Amino acid sequence: MKSVLGDAFTPTIHQAWAAAYKQLADLMIGREEQIYEECNDWTDWRDFGVSEKVEESKEITSFSLKPQDKKPLPPFRPGQYVSIRTDVPSLHYLQSRQYSLSDAPHADHYRISVKREPGLDLEHPDAVPHPGYISNILHDQKQVGGMLQVSHPAGEFFLDVGHDKYPLVLISAGVGLTSMLSVMKSLDEQEATQPISWIHATRNSKVQAFGEDVRSMAQHRPNMHPHVFMKYPSDKDTEGKDYQFSGRMSLGKLDREGDLFLDKKDAEYFICGPERFMTDMQKTLREYGVEEDRIKLELFGTGAMSNS
Ligand SMILES: Cc1cc2nc3c(=O)[nH]c(=O)nc-3n(C[C@H](O)[C@H](O)[C@H](O)COP(=O)(O)OP(=O)(O)OC[C@H]3O[C@@H](n4cnc5c(N)ncnc54)[C@H](O)[C@@H]3O)c2cc1C
């Protein structure tokens with residue numbers, strides 16, 4: 001500042017800036033310490049082993065991960081994610097990616113569910129494949145016993161403590177269902193009784209993960225209502241059982257009060273899926289009169305959501 005402002009940067013201005021800078025730094029340092037405390041002082045990468053690997057669908061596989069040091073894991077808030085780091089031999093360096101936790105919190109393991117990114121647009125015959133690095137390493141190379149580095153849980157997309165009484169609308173597409181499943185499973189374990197609408201868009205049951213888990217939760221919890229939109233149901237998919245609507249997701253097909261709880265001013269809306277899908281859902285909810293602070297969005301990628 002001195003070199004840019006010269007004499008205009010007086011000692012008084014210098015002191016004021018130093019004080020402001022320190023205040024801001026203290027705020028951030030304090031928040032960082034708070035996060036570490038919430039995570040039992042877990043500050044760095046920690047070694048985890050794959051304890052279970054389950055193919056949930058043609059595209060999505062779950063990995064249960066246990067810490068090598070066997071110390072209890074801090075609870076996370078349903079909806080949060082962890083970062084996973086592993087070596088990528090073809091790049092000659094370590095790479096990290098984020099994955100939402102897909103189960104209720106348990107002290108001995110975390111679970112993530114990963115979609116393989118083939119990186120090939122099948123609709124373009126000349127397309128050159130660029131398979132995603134980490135998702136393919138996880139699918140192809142990380143078997144039970146394989147090692148990964150894991151960060152502590154993080155993220156602002158979660159079900160707030162005490163909000164487990166409000167009506168919930170969980171809207172997802174494709175692998176965006178992972179964080180929603182964590183919310184559902186946590187509420188199931190807590191025997192929560194608030195109304196919950198599970199609204200999910202998928203192509204068909206070959207690629208859809210956790211269809212059976214959601215149906216069985218809904219069978220013993222009358223407050224949970226699945227609404228699955230299947231874009232291209234296969235001949236094995238039964239309307240009324242595997243899906244409720246064929247075609248693209250349209251909130252207009254659902255009952256405004258019974259399914260979307262638009263008459264309840266404390267209802268909360270969680271949305272996760274491709275960016276275009278999320279902005280469409282957000283726009284529709286806004287048009288229905290849902291205030292911004294009741295809509296939560298999680299983008300599975302980098303960059304900001306365009307707020308159209
Ligand atoms: C908060 C958060 C939570 C998430 N949760 C989940 C989750 O629960 N489950 C899940 O599956 N994912 C989740 N993701 C996404 C995940 O972090 C990764 O982005 C995803 O797995 C792809 O990583 P990758 O290394 O396989 O692909 P990358 O190598 O990072 O590639 C990204 C994409 O670009 C394409 N690509 C790569 N190189 C090229 C190239 N040269 N030219 C053209 N295209 C190319 C790939 O095919 C791929 O589709 C989450 C992301 C965030 C931010």
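Predicted model: local features only at pLDDT ≥ 70, side-chain atom pairs only at ≥ 80, totals over all residues.
View A. A polar backbone atom of glutamine 98 is 2.6 Å from a ligand oxygen, and a backbone N or O atom of lysine 115 lies 2.8 Å from an oxygen atom of the ligand. On its own the ligand has 970 Å² of accessible area, and the protein covers 72% of this (areas come from the Shrake-Rupley method with a 1.4 Å probe).

**View B. The shell around the ligand.** The ligand is surrounded by 22 residues, and the closest of them are Gln98, Tyr99, His130, Ile134 and Ser135; a residue is counted if one of its heavy atoms lies within 4 Å of the molecule. Strand 4 (93–100) gives the largest share of this shell, four residues. Strand 5 (110–115) and helix 3 (133–141) also give two or more residues each. By class, the shell divides into nine nonpolar, nine polar and four charged residues, where Ala, Val, Leu, Ile, Met, Phe, Trp, Tyr, Cys and Pro count as nonpolar, Asp, Glu, Lys and Arg as charged, and the others, Gly among them, as polar.

**View C. The largest cavity.** The structure holds two cavities of 30 Å³ or more, a cavity being a set of points on a 1 Å grid over the protein atoms alone where a 1.4 Å probe fits but cannot get out. The largest has a volume of about 50 Å³, a volume being the space filled by probe spheres set on the points, which are joined across faces, edges and corners. Its lining, made of residues with an atom within 4 Å of a point, consists of Trp198, Gln208, Gly211, Val214, Arg215, Pro226, Val228, Lys241, Asp242 and Gln244. Helix 5 (211–220) and strand 9 (224–230) are the elements that give two or more residues to this lining, and helix 5 gives the most, with three residues. Four of the lining residues are nonpolar, three are polar and three are charged.

**View D. The second largest cavity.** With a volume of about 40 Å³, this cavity is lined by Phe76, Leu101, Ser102, Asp103, Ala104, His106, His109, Tyr110 and Arg111. The classes found in this lining are four nonpolar, three polar and two charged residues.

**View E. The second largest pocket.** About 260 Å³ of space lies in this pocket, and a pocket, unlike a cavity, is an open set of points with protein on both sides within 12 Å along at least five of seven lines. It is lined by 14 residues, of which Glu38, Cys39, Arg77, Gln80 and Pro153 lie nearest its centre. Seven of the lining residues are nonpolar, three are polar and four are charged.

View F. Histidine 200 is found in strand 8 (residues 196–202), where strands are DSSP runs of E with at least two residues, helices are runs of H or I with at least four, and both are numbered from the N terminus. This residue is buried, with a relative accessible area of 1% (buried means under 20%, exposed over 50%, and partly exposed in between, with a 1.4 Å probe and protein chains only). Its side chain makes a polar contact of 2.8 Å with the side chain of serine 172; such a contact is a pair of N or O atoms within 3.5 Å, and within protein one must be able to donate a hydrogen and the other to accept it.

**View G. Two phenylalanines.** Phenylalanine 157 lies in the loop between strand 6 (147–150) and strand 7 (168–173), and is buried, with a relative accessible area of 3%. Its C-alpha atom is separated by 9.6 Å from that of leucine 299, although the two residues are 142 residues apart along the chain. Phenylalanine 245, found in strand 10 (residues 245–246), is partly exposed, with a relative accessible area of 22%.

Definitions and conventions
Residues numbered from 1 in each chain as written. Heavy atoms only, no water.
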